[in-house]
Amino acid sequence: QVQLVESGGGLVQAGGSLRLSCAASGSIFRINFMGWYRQAPGKQRELVATITGGGSTNYADSVKGRFTVSRDNAKNTVYLQMNSLKPEDTAVYYCNTNIDGPIGYGVDYWGKGTLVTVSS
């Protein structure tokens with residue numbers, strides 16, 4: 001079994017910063033992609049940022065230059081540093097990992113989500 005534990009969400013004023021963390025644990029052979037998605041009220045879940053095992057990153061246009069995704073392979077942990085936050089960044093943020101593990105290769109796992117609220 002694989003578990004993802006997210007932390008770091010909360011309430012912040014516009015222009016502020018938050019750092020999200022997501023640690024994967026369990027029967028993991030290899031973690032491929034790690035990343036973050038978000039879902040705002042009434043909207044579909046959207047990609048925020050991803051990072052490969054080699055460190056290649058991909059960002060949504062709306063967060064480029066403000067958010068930074070990173071990972072610690074030794075700790076099976078992915079981070080999202082969010083700076084210059086805007087009210088439109090308010091959403092539930094979900095950790096996503098693609099893992100070679102107990103039920104197969106290239107399986108997607110999701111965290112339960114952490115709420116980020118940016119006040120104006």
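Which residues form a disulfide, and how far apart are their sulfur atoms? Notes follow.

1. Basis. This is a predicted model, in which local features need pLDDT of at least 70, side-chain atom pairs count only at pLDDT 80 or more, and totals for chains, interfaces and linings use all residues. Residues are numbered from 1 along each chain as its sequence is written, and side-chain values use heavy atoms, with hydrogens and water left out.

2. The disulfide. C22 and C95 form it, with their sulfur atoms 2.1 Å apart. The criterion is a pair of cysteine sulfur atoms within 2.5 Å. A search of the whole structure gives 1 disulfide. The S-S torsion of C22 and C95 is about -80°, so the disulfide is left-handed.

3. C22 sits in strand β3 (residues 18-26) and C95 in strand β9 (residues 91-101), so the pair ties together parts 73 residues apart in sequence. Strands here are DSSP runs (E, at least two residues), numbered from the N terminus. C22 is buried at 0% relative accessibility. C95 is buried at 0% as well. Buried means under 20% relative accessible area, exposed over 50%, and partly exposed in between (1.4 Å probe, protein chains only).

4. Salt bridge count. There are 5 salt bridges. Each needs a side-chain nitrogen of Lys or Arg within 4 Å of a carboxyl oxygen of Asp or Glu.

5. D100 and R30. Their side chains meet in a salt bridge at 2.9 Å, N to O. The pair links distant parts of the chain: D100 is in strand β9, R30 in strand β4 (residues 30-39), 70 residues apart. D100 is buried, at 3% relative accessible area. R30 is partly exposed, at 46%.

6. The R38 network. Salt bridges link R38, E46, R66 and D89 in a network. R38 pairs with E46, the closest N and O atoms being 2.7 Å apart. R38 is buried at 6% relative accessibility, while E46 is partly exposed at 37%. The side chains of R38 and D89 also meet in a salt bridge, at 2.9 Å, N to O. This pair links distant parts of the chain: R38 in strand β4 and D89 in the loop between β8 and β9, 51 residues apart. D89 is buried, with a relative accessible area of 0%.

7. The largest pocket. Its space is about 180 Å³. The volume is the space filled by probe spheres set on grid points, which are joined across faces, edges and corners. A pocket is an open set of points on a 1 Å grid over the protein atoms alone, where a 1.4 Å probe fits, with protein on both sides within 12 Å along at least five of seven lines; lining residues have an atom within 4 Å of a point. The lining has 13 residues, and R38, A40, K43, E46 and E88 lie nearest the centre. It divides into 2 nonpolar, 4 polar and 7 charged. Charged means Asp, Glu, Lys and Arg; nonpolar means Ala, Val, Leu, Ile, Met, Phe, Trp, Tyr, Cys and Pro; the others, Gly among them, are polar.

8. Strands β7 and β8 (residues 77-82) pair in the antiparallel sense over 6 bridges. Pairing requires at least two DSSP bridges between the strands. T68 has Q81 of β8 as its bridge partner. The hairpin has 4 residues between the strands, and N76 takes a positive phi near 50°.

9. Faces of β7. Side chains alternate along β7 (residues 67-72). F67, V69 and R71 point to one face and are buried.
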